[in-house]
Amino acid sequence: MTNNLINTILATCLLFSSLNLAAAQISTSNHQAEAQLLVGETCLKQANTACAMTALAKIPSNSPYAKLLQGEIAYYNQALDQTLQLLLPLQAEAHFTSGAKISLHQHLAKAFAQLQDTEQALIHLLEVDIALAKTSSSQQKDATALNHKQIWDLLSKLSQIELVTIRGNNTDDLFQGWVDLALAAKHQDLSSSLKAWKISYQDHPAVAFSSSLHIHKAEQTLKLLSDSEIVITFKTTSDIDSAKAEAFKLGLQTALSHQEANNTIHISRLTNDETNINEEDSPSVNTDINTGTPTTSPYHIALQLDSEADEVNSIQYHTNKQQTLTIGLHLNNEAEQLVKFATSNGISHVAILTTEDENSVALLKHFSAAWQKAFNLNENHDNFNIITLPKHLAVNDPSLLDLQTKISAKPHDMLLLALPAADARIIKPFLNVGTPTVAFSNLHDTSTDIALHAVRFVEIPFLLQPNAEFTKHQNSITQLNSNELLRWYALGVDALSILVATQHPSEKEVIINGLTGQISISPAAITRQPSMARYTYEGITKE
């Protein structure tokens, strides 16, 4: 009995000692393998692949370090598919040292960057950052700074749209913090945007890097380069058009006053024949001091008052003998924002309520065009259930009784009200409160409207939650008695910011948080994105 117990104890001791011996052997083997890995990496830095292959031969073929060096050699030879095949499975390797993990993710980041997969490249550079934070090397600080520079080089090349897209694909705070920093750096008001970023990401590893950003923002870009007259031309057919143009002029003049600029503004009203300018409204002619020859103003704003214009971009800028800014408030901007709301919420089928009214037809036309563009569809797609109601609806109109039946005739995820605000108020009680309902800005003709509770609509930030920017303009807008005129006033304010930015061309994209929305200025195009808001019982909420 005693002998059996002793034999059992001895057997157990031998078993554990053999396990410890195996672990020690694995540790020694890994140490030797890592040493050869470092030799191989040094060889690759010296462009000596034969030397790297010799180091690889000295690592057991079944070792993960062999696979790592093999993958690095494949990357050096630009065999990117083989690089990914060898390296991606190694992410699950638990016995790698910090140095091996760093090297693994660095090479994966490089491979994905060459494949133009910025999102995956960023993910692996962030893994490098995490691994570096766990090391105690004396070179950690320099290595981290270099890695942050690589992250920034990757992100700073992306446009605003590309940054927003990859941000939506990853909810990790570390990932989103870097993307948001890149977005903040595109803003014209850099100091304010970076300050806001630091408040949101106080513990982010990029805080130190954000303080060292050297992004050009010269003092002269705060004002126009010349104090010459600014000429605004617009084509008018009604007093309403003239009122819009005057509101735009007031916004531009207010913005100039806030900058203490001396530019005067002149409006030229064009008749149906665009070359015909009224005598009394013809722009003043300046004279060159040195030659005495007449000169025209370097600043020209072509105001597009027709919201149904078919231009791809509602803001265009050209420069030849003078800077010409073509600008307007187009329905296609609003339609694109509504479609973005739909796509971001997984909506694929829409029930549309419209009327025979001319404006309603225009709303439907622009939404349909934006939808086809976003989903790459032709006119014959079956994503819409269009219900056309008569003009000037009355509360007791019989067509309302079977409205919900018509809406439910086809599957839908969203309801669009492409009709006048007065008709929307009548229709709203007949709608299903559980269906997301959206509309254009024409639905926002009052500050609050209980009848339209839960309806989302497109609007410019200036007419949403009042803020310091709104207060700054309060004295100037007292004479403007409608939201429509306030929108044109806000566009006048933004026009100055656009002129200032465009007269200092940059290869990088610039973002302006304008009164009419977020304005993106790049060498290729100028785009404006309005906001979304929602009616609630307490008022209007910006989304």
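**View 1. Q91 is partly exposed, at 42% relative accessibility.** The band for this label runs between the buried limit of under 20% and the exposed limit of over 50%, so Q91 is assigned to it. The model shown here and in the other views is predicted. Q91 sits in the loop that joins α4 (80-87) and α5 (98-114). Its side chain reaches the backbone oxygen of L88 at 3.1 Å. Leaving out residues up to four places away in sequence, Q91 touches L104, H105, L108 and H124. Q91 and H105 are 14 residues apart in sequence, and their C-alpha atoms are 8.3 Å apart in space.

**View 2. Helix α2 (residues 49-57) has the buried residues A52, A55 and L56.** Down the axis of α2, these buried residues fall within an arc of 100 degrees, so they line one face of the helix. An α-helix has 3.6 residues a turn, so residues three or four places apart point the same way. The face of α2 turned away from the buried side carries A50 and A57, both exposed. N48 caps the N-terminal end of α2. A side-chain oxygen of N48 lies 3.4 Å from the backbone nitrogen of A50.

**View 3. The largest nonpolar core has 52 residues.** Helix α9 (residues 173-185) supplies the largest share of this core, nine residues. L155, W178 and L181 have the most contacts inside the core. Setting aside neighbours within four places in sequence, L155 is in contact with L122, L163, I166, W178, V179 and A182. Another core, of 44 residues, lies apart from the largest one; I230, L256, L486 and I526 are among its members. In soluble globular proteins, nonpolar side chains tend to be buried together.

**View 4. Seven strands form an open sheet with mixed pairing.** The strand order is β9-β8-β10-β11-β12-β16-β17. The edges are β9 (384-389) and β17 (539-542); each has a single partner strand, so one side of each is left without a neighbour in the sheet. From one strand to the next, the twist averages 25 degrees.

**View 5. Strand β8 (residues 350-355) pairs with β9 in the parallel sense.** Six bridges join the two strands. A351 stands opposite N385 in β9. Helix α14 (residues 358-375) lies across β8, β9 and β10 (414-418). The helix runs at about 155 degrees to β8.

Technical notes
Residues numbered from 1 in each chain as written. Predicted model: local features only at pLDDT ≥ 70, side-chain atom pairs only at ≥ 80, totals over all residues. Heavy atoms only, no water. Core = buried A, V, L, I, M, F, W, Y, C linked by side-chain atoms within 4.5 Å. Buried < 20%, exposed > 50% of the residue type's maximum accessible area, 1.4 Å probe, protein only. Helix = DSSP H or I, 4+ residues; strand = E, 2+ residues; numbered from the N terminus. Contact = heavy atoms within 4.5 Å. Pairing = 2+ DSSP bridges. Axes fitted to C-alpha atoms, helices over the stretch in contact; angles between N-to-C directions. Arc of directions from axis to C-beta. Polar contact = N/O pair within 3.5 Å; in protein donor to acceptor, adjacent residues only side chain to side chain.
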